[in-house]
Every structure is written in structure tokens, then in C-alpha cells.
Amino acid sequence: MISWAEVAIPRISATHAFSPLRLKSTATNTLVELPVDRDIRMYVCGITPYDSTHLGHAATYIAFDLVNRYIRSSGQKMHFVENITDIDDPLLVRAKRDIVSWQSLATSQIELFRGDMTDLHVIPPQNFIGAVESIPLVVDAVAVMKERGAVYELEDDLYFRVNSDEKFGTRSRLTKENMIGIARERGGDPDRSGKEDPLDALLWMQQRPDEPGWPSPYGTGRPGWHIECCAIALHYLHNSKEDPYCIDIQGGGNDLQFPHHEIGASQARILGGKDFARIYMHAGMIGLDGEKMSKSKGNLVLVSTLVSQGTDPMAIRLALLTGHYSHDRMWDSQLLSDAQTLLVRLRSCLSREEVATTSSVVATIIALLANDLDTPGVIEKLKQWCEETEAGAIGGSAGELSRALDALLGIAF
Ligand code: ZN
């Protein structure tokens, strides 16, 4: 699938040293250091194209964009892959409700998503892969899993035996009861009778009446969600044989920790013969005015709505960087207005002929980002630099700081 427009990343002076990037892996709740001597491979779960792009999506993709920016600015290569689930139950349900075809709903929402990502200066993935185009990969993956005894049939549908992976459950660390409850809430089918284990996941679903289907050796149907991401990630990103992990980073919103990333990791262990991701990185949810932002509450704030009302996308980006990516946090008009004020202040300071010293500020920003993307610390540092510049301090280079903010934070002036 076509990605969105490439984003230029200014070079940061070679005098700045980058320490290894450490990110919190939710599988262990510890900081894990990324390798520095080779390319980094990151897979981020994309949207199902309806209701795109709300601020929760924006916050998630900006968090992974910071990882991408840090790695690339440090001189390493990043191979970044993102999917888009352009066929799944929620898309079909929404298309039916709105009396439109699922294809036209998906196409229009993917186009909107591309525009929002461009506005927000998110670097596009090298491979942006739709669920429909991933079907041949899923078919091949299921064949391998069948050979390895991880698949069974139930009324013509195919299921993955979660217990074929001895490490199933170790990344989300939930009790079985909790897993079943969450699976029920998040599109799973733990109550379907005939399953060997309530948590076994659908790999291939036979075509249902009035639903689309694609031919396969397992009958006409469509892939399950978890196997879609797993098959794409392994196809495009598989690390070398010597590496103990299939990929470096598995990312998404924290509502994907279970079941999506747990089951995907188990499937990948069966297929790849080793642990899936070095780091499971999850972004927090964004609420609105003290409430959870959700489709059912009808209180989603869309990036495209804010931009069409005249909001500078860089202010949206700055506002979302005010909080730590991993925390659930609130969006309100004050947060946006504070970010707009800071953006104006930064622009004004960066346009001065004389500015406070910048080299140490850039070094501090790099060090803060290296520590699990401490953007609240970065914002404080920037405010302090503005204060010093406004007080008449000199000795810095506005260009140096401006380039660093563009390269590392994606804030372009
Ligand atoms: Zn996914």
C-alpha cells in the first residue's frame, strides 16, 4: 500500500554523542537498551480505517516516530513497518451502519490517515501493508503453523492453539480469568463452544454471508487480526539468525498488550523459532476533559477536525509531547493552548540574532530522549532556554537548536 510523503530530517552536528536508546518494555517493566551496532527493526500496529485519526492514534504514532527519529539521528538505520487492518469486523460493522461499502470507507479513512500523519510530521514506514495485501503471507504462515501442530479446525474456521507456545501469557502477565475477560471485550471469542482453550485465536475465518472472502487452501475467507501483524512483521523485518529476537520493537497503543500482542508473539515464536520482540513498547491512552475518549462515548477528537479549525499541527504534536508517551493522559483545551503559547515563544526566541547557549540544550535533549523518551523533561528544558534567551543570555546558535527540534522531536518551525 502507498505510504505517505517522506519527511526530511535535518542533520544534527556530529559533535553530539548519542547514547543507546533505552525503552521500557511492558513485558518486563524494565528499561531495555537497543543495539547500537546494526539496523533497528520496528513494527507498529496501525489503525483499522474508520474514525481516523483521533488524538489517541496521533499520540501513539508520534511516540514511535520519536524512536525512529532518535535512531536515525544517531546514525543508525531504522526499518519501520506498519500495517493497516483494511478488513476486519469493526470496519464491516461501521460500513453497514453507515450504509457504505467497506472498501470505500477504508479507502477514504486511509487517505485521511495519510494526510494526518503528513500534517503531524510523522516519518512514514518503509512498508505500509494492508491486511488484504497480506493474505498470501498469512496463508503461508498458517501452513507452517499447521505443520508444527499449532492449528486446529472448528466448523471450517482455523484456530491457533495458544498453548503451543510455552511462553504464552508471559508478556502481558495477566491471570487466565483476566485474559478471558479482556479477550471478550476486545473482539475475541472466548465463549465460542468447541474451542480447545477459550483464548485460542482465529487464524482464518470462513466467509460469512454478506461478508467478503478471499480464496485460500483453507477455503474462501479472511485472516484473523493477530496473524496478520505477525506474518507481516516476520516477512519484512526478521532479524538475522544469530539474533535472539525476531524483531527489536513491537509497538502500539496499550490496549493492544492483550490479546493482540500476546497472541502475535506466541504465533511468531512458533513461526520464527525464537522470541518475537526485544521490546514491547506501548503508548498510553488519551482521554478528553476527564473522561475516556472512545467511539462509544462519541467524544473522539480528530486531528483533521482540529487542523480544519486552524490549529497548527505542530501545536498538537507539542501538546502530546508534554506528557510521557507511556502514561494514560488527558487532552483539554488548556493543554493545546499552552502548547500554542510555547510554540509561539520558541519561534520568537529562535528568530533572535542572539540566543542562550544551545549546544548543552541539544545534549540534554538527546540524553532525556535516550531515557525512555522523557519528553516532559525536554519541554521543561526548552522553557528554561526560552527564559534565558528572553533574559538576554547569548552564546548559542538558533539554527543548531531548531535543527535538533526538527530532527528529534519532529517540531518544524
Ligand atoms: Zn497489530
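This is a predicted model: local features need pLDDT of at least 70, side-chain atom pairs count only at pLDDT 80 or more; totals for chains, interfaces and linings use all residues.
Take C386 as a case in point: the closest cysteine sulfur belongs to C349 and sits 4.0 Å away, whereas a disulfide would need the two sulfur atoms within 2.5 Å. So C386 is in no disulfide. C386 is also buried, with 0% relative accessibility.

| Residue | Relative accessible area | Class |
|---|---|---|
| T375 | 3% | buried |
| C229 | 3% | buried |
| C386 | 0% | buried |

These residues count as buried because their values fall under 20%.

T375 belongs to helix α12, which covers residues 375-390. Beyond its neighbours within four places in sequence, T375 touches L66, L321, G323, H324 and L369.

Now to the sheet. Five strands make up an open, parallel sheet, ordered β5-β4-β3-β10-β11. At its edges stand β5 (127-130) and β11 (275-283); each has a single partner strand, so one side of each lacks a neighbour in the sheet. On average, neighbouring strands here are turned by 25 degrees against each other, direction ignored.

What joins β10 to β11? Seven bridges do, and the two strands run parallel. Strand β10 spans residues 245-253, and G251 stands opposite M281 of β11. In general, strands of a sheet pair through backbone hydrogen bonds.

Finally, helix α6 (residues 225-237) lies across β3 (40-44), β4 (78-84), β5, β10 and β11. Relative to β4, helix α6 runs at about 155 degrees.

Note on methods
Residues are numbered from 1 along each chain as its sequence is written. Side-chain values use heavy atoms; hydrogens and water are left out. Helices (H or I, at least four residues) and strands (E, at least two) are DSSP runs, numbered from the N terminus. Buried means under 20% relative accessible area, exposed over 50%, partly exposed in between (1.4 Å probe, protein chains only). Contact means heavy atoms within 4.5 Å. Two strands pair if DSSP finds at least two bridges between them. Axes are lines fitted to C-alpha atoms, for helices over the stretch in contact, and angles run from 0 to 180 degrees between N-to-C directions.
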